[in-house]
Amino acid sequence: MTVELKRIHHVAYRCKDAKETVEFYKRVMNMDLVLAIAEDEVPSTKAPDPYMHIFLDAGMGNVLAFFELPNSPEMGRDEQTPQWVQHIAFEVEDLDKLNEAKAHVEAEGLDVLGPVNHGVFKSIYFFDPNGHRLELAANTGTPDQMKQLNEVAPLMIEEWSQTKRAPRHAAWLHEQD
């Protein structure tokens with residue numbers, strides 16, 4: 001017997017203010033609130049810890065969720081991890097939609113980095129009101145490029161495991177700039 005996954009049910013992060021988070025994701029990302037659960041006790045641990053758990057529609061059955069935890073210390077981020085590492089990436093249809101999204105996000109008064117060329121996709125980056133880094137990405141890779149990347153992935157993992165240096169199997173990705 002094996003685990004048979006259907007899809008990711010939801011991914012959950014912490015937020016500073018549930019209402020502000022819902023409003024931001026609706027206004028900036030066009031994501032609707034689909035569900036809110038609030039309890040005074042954590043169902044899994046039975047700990048007395050009130051929370052608001054919100055679920056947002058990220059399209060095509062994908063759900064992004066947040067917890068507001070009013071009795072916990074103020075939220076921060078993992079200071080040992082660079083800010084660019086932890087992020088939530090969303091796909092947009094194409095480069096035109098990515099450019100439209102960039103203009104929209106900038107019109108909301110947010111600083112936007114990019115588009116950044118990743119070889120097989122281009123991305124823009126900005127932060128939500130909780131300090132979570134968001135990425136919008138438009139795929140640009142060809143089926144042949146994706147096949148090539150898939151084929152070298154195990155070799156790259158093995159080499160990285162041994163050397164902790166970037167393998168050159170897919171160096172062509174960033175040599176196209």
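I take buried to mean under 20% relative accessible area, exposed to mean over 50%, and partly exposed to mean anything in between, with a 1.4 Å probe and protein chains only. By that scale Asp32 counts as partly exposed, because its relative accessible area is 38%.

**Ground rules.** I am working from a predicted model, in which local features need pLDDT of at least 70 and side-chain atom pairs count only at pLDDT 80 or more, while totals for chains, interfaces and linings use all residues. Residues are numbered from 1 along each chain as its sequence is written, and side-chain values use heavy atoms, with hydrogens and water left out.

**Overall layout.** I looked up the fold elements, taken as DSSP runs numbered from the N terminus (helices are H or I, at least four residues; strands are E, at least two). The protein chain holds three helices and eight strands, and along the sequence they follow the pattern β-α-β-β-β-β-α-β-β-β-α. The C-alpha trace spans about 50 × 45 × 35 Å along its principal axes, and 29% of the 177 residues count as buried.

**Salt bridges.** I searched for a side-chain nitrogen of Lys or Arg within 4 Å of a carboxyl oxygen of Asp or Glu, and the count came to six salt bridges. Side chains of opposite charge can pair when their charged atoms come close.

I noted Lys19 with Glu23, where the closest N and O atoms are 3.9 Å apart; both residues lie in helix H1 (residues 18-29), four residues apart, about one turn of the helix. Lys19 counts as exposed because its relative accessibility is 58%, whereas Glu23, at a relative accessible area of 40%, is partly exposed.

I then returned to Asp32, which forms a salt bridge with Lys26 at 2.7 Å between the closest N and O atoms. Lys26 counts as partly exposed, since its relative accessibility is 39%.

In helix H2, I found Glu100 and Lys97 three residues apart, about one turn of the helix, with their side chains meeting in a salt bridge at 3.6 Å, N to O. Glu100 is partly exposed at 47% relative accessibility, and Lys97 is partly exposed with a relative accessible area of 41%.

**Surface patches.** For patches I took residues with over 30% relative accessible area and no salt bridge, joining like charges within 9 Å and nonpolar side chains (Val, Leu, Ile, Met, Phe, Trp, Tyr) within 5 Å. Lys and Arg count as positive and Asp and Glu as negative, with His and the chain ends not counted, and the place of a charge is NZ of Lys, CZ of Arg, CG of Asp or CD of Glu. Accessible areas come from the Shrake-Rupley method with a 1.4 Å probe, and for residues only the protein chains shown count as cover.

A patch of negative charge on the surface gathers Glu91, Glu93, Asp94 and Asp96. Asp96 has its place in helix H2 (residues 95-107) and counts as exposed because its relative accessibility is 55%. A nonpolar surface patch is formed by Val34, Leu35 and Ile37, with about 230 Å² of accessible area together; Val34 sits in strand E2 (residues 33-39).
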